Amino acid sequence: MTRIARIEPIAIAYPDPNDFGTIRRTVLVRVETSDGVVGWGEAIAMWPEACKAVCTIITEGFLPLLAGKPADDIDGNWEAMRRHVFWYGEGGIASMAISGIDMALWDIRGKVAGKPLYALLGGLKQDRLLANASAHVNKKGEAACVAEVVGFFEAGFRSCKLGFAKKGESNIGGDPDTDVSFIRALRGALGDAAEILVDIGNGVRWDVETSISVGRRMQEYRIGWYEEPLYPTDDAGYMRMRAETTLTLASGEREFTEAGYRRQMEFVKAVDVYGVDPARVEGITGFRRVDALCTLHGKKINAHAWSTGITTAASLHCSLASPNAIIFEYKPFPVVVQDVIVAEKLWHRDGWAYPVTGPGLGIEVIEAEVRRIAA
Ligand SMILES: [Mg+2]
């Protein structure tokens with residue numbers, strides 16, 4: 001029987017042109033079996049101290065727990081990790097650490113079976129997904145910000161998701177009039193067919209009234225969805241937005257567990273599109289459980305893929321194996337963790353995201369390049 005022999009977390013750091021050159025961090029997880037099969041996963045911890053904590057949980061907690069266990073018992077290993085962290089887990093850094101190992105075990109399962117991950121997840125539910133340029137609005141002045149997004153569409157994208165109040169020279173994500181003006185100008189430049197998704201996010205702290213009023217004004221320019229206009233745990237605020245607007249609301253990328261999403265779907269009942277990150281939500285296993293909840297409640301899902309090619313691959317398989325995904329996000333600018341640490345960059349064709357068909361995650365991780373950016 002193939003057993004888990006080694007588990008190694010590798011923290012990495014790199015400058016990201018998609019985030020105004022900011023140094024971004026994450027933890028990759030390399031799992032090796034007793035017969036030498038290697039799988040890769042990611043725990044998207046991002047902050048330096050969180051990356052350290054994830055590495056510690058994996059090496060001091062999960063490695064002794066899982067060493068020698070059957071690699072193919074993914075459910076058993078996932079349950080063992082969850083039970084191990086019961087006191088400090090149920091979300092947070094522990095969920096990210098679980099994610100990295102679970103993702104790698106699915107990669108191994110696919111490599112052993114000689115099948116792509118989507119085939120292990122019940123097969124393709126969709127042949128392709130609309131390719132979305134997921135970008136931060138960070139250039140100086142409205143004209144430059146509009147021109148940049150127009151460039152994404154000229155390069156073949158059919159959809160864009162625009163993060164507000166990010167690092168850079170833009171003043172988008174503060175003054176409502178400025179933000180609405182930007183969306184108005186962008187709609188004018190792109191024409192009616194282009195999909196514009198607005199991601200307000202953590203950099204903006206509007207009250208509910210402002211969020212509602214800005215959302216309504218942007219609706220005049222036919223935005224597709226309105227993401228995280230309030231802090232993710234502001235349940236009352238989201239319930240008010242649901243009751244008082246017809247906006248398509250997106251949230252969820254900062255949830256960690258199936259229980260968290262269930263609470264949203266069964267009690268808050270405000271969100272239409274749930275963001276889910278397989279490098280955060282307790283792996284492929286966790287993603288699948290949340291996706292099943294979305295099916296049950298008739299909700300849409302959007303995989304967060306905004307980190308390395310490893311998470312992008314996991315998200316792509318999970319999205320195409322789901323009946324609930326509607327777009328697929330790509331970072332529009334070249335970055336080492338998408339272009340260099342994997343042998344073949346995952347990229348859209350003619351504005352569509354298609355499946356990758358190699359075994360497991362379907363990517364070849366270039367280990368020397370990973371170690372070159374180890375932090
Ligand atoms: Mg977001």
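1. Why is strand 3 (residues 38–43) largely enclosed by the rest of the structure? Five of its six residues are buried, so the rest of the structure encloses most of the strand. A residue is taken as buried if 20 or more other C-beta atoms lie within 10 Å of its own. The model is a predicted one.

2. The partner of strand 3 is worth looking at next. Strand 2 (residues 22–33) pairs with strand 3 in the antiparallel sense, over six bridges. In this pairing E32 stands opposite V38 of strand 3. The two strands form a hairpin with four residues between them. In the turn, G36 has a positive phi of about 85 degrees.

3. Helix 2 (residues 74–84) has buried and exposed residues. N77, W78 and M81 are buried. Seen down the helix axis, these buried residues fall within an arc of 100 degrees, so they line one face of helix 2. On the other side of the helix, D75, G76, E79 and R83 are exposed.

4. The cover over the buried residues of helix 2 includes helix 1 (48–66), helix 3 (93–113) and helix 10 (283–297).

5. As for the whole protein chain, it has 13 helices and 12 strands. Of its 375 residues, 49% are buried. Among contacts between residues at least 6 apart in sequence, 74% join residues at least 24 apart.

6. On overall dimensions, the C-alpha trace of the protein chain spans about 60 × 40 × 40 Å along its principal axes.

Terms used
Residues are numbered from 1 along each chain as its sequence is written. This is a predicted model: local features need pLDDT of at least 70, side-chain atom pairs count only at pLDDT 80 or more; totals for chains, interfaces and linings use all residues. A residue is buried if 20 or more other C-beta atoms lie within 10 Å of its own, exposed if 12 or fewer, and partly exposed in between; C-beta atoms are placed from the backbone. Two strands pair if DSSP finds at least two bridges between them. The arc is that of the directions from the helix axis to the C-beta atoms. Two residues are in contact if their C-beta atoms, placed from the backbone, lie within 7 Å.
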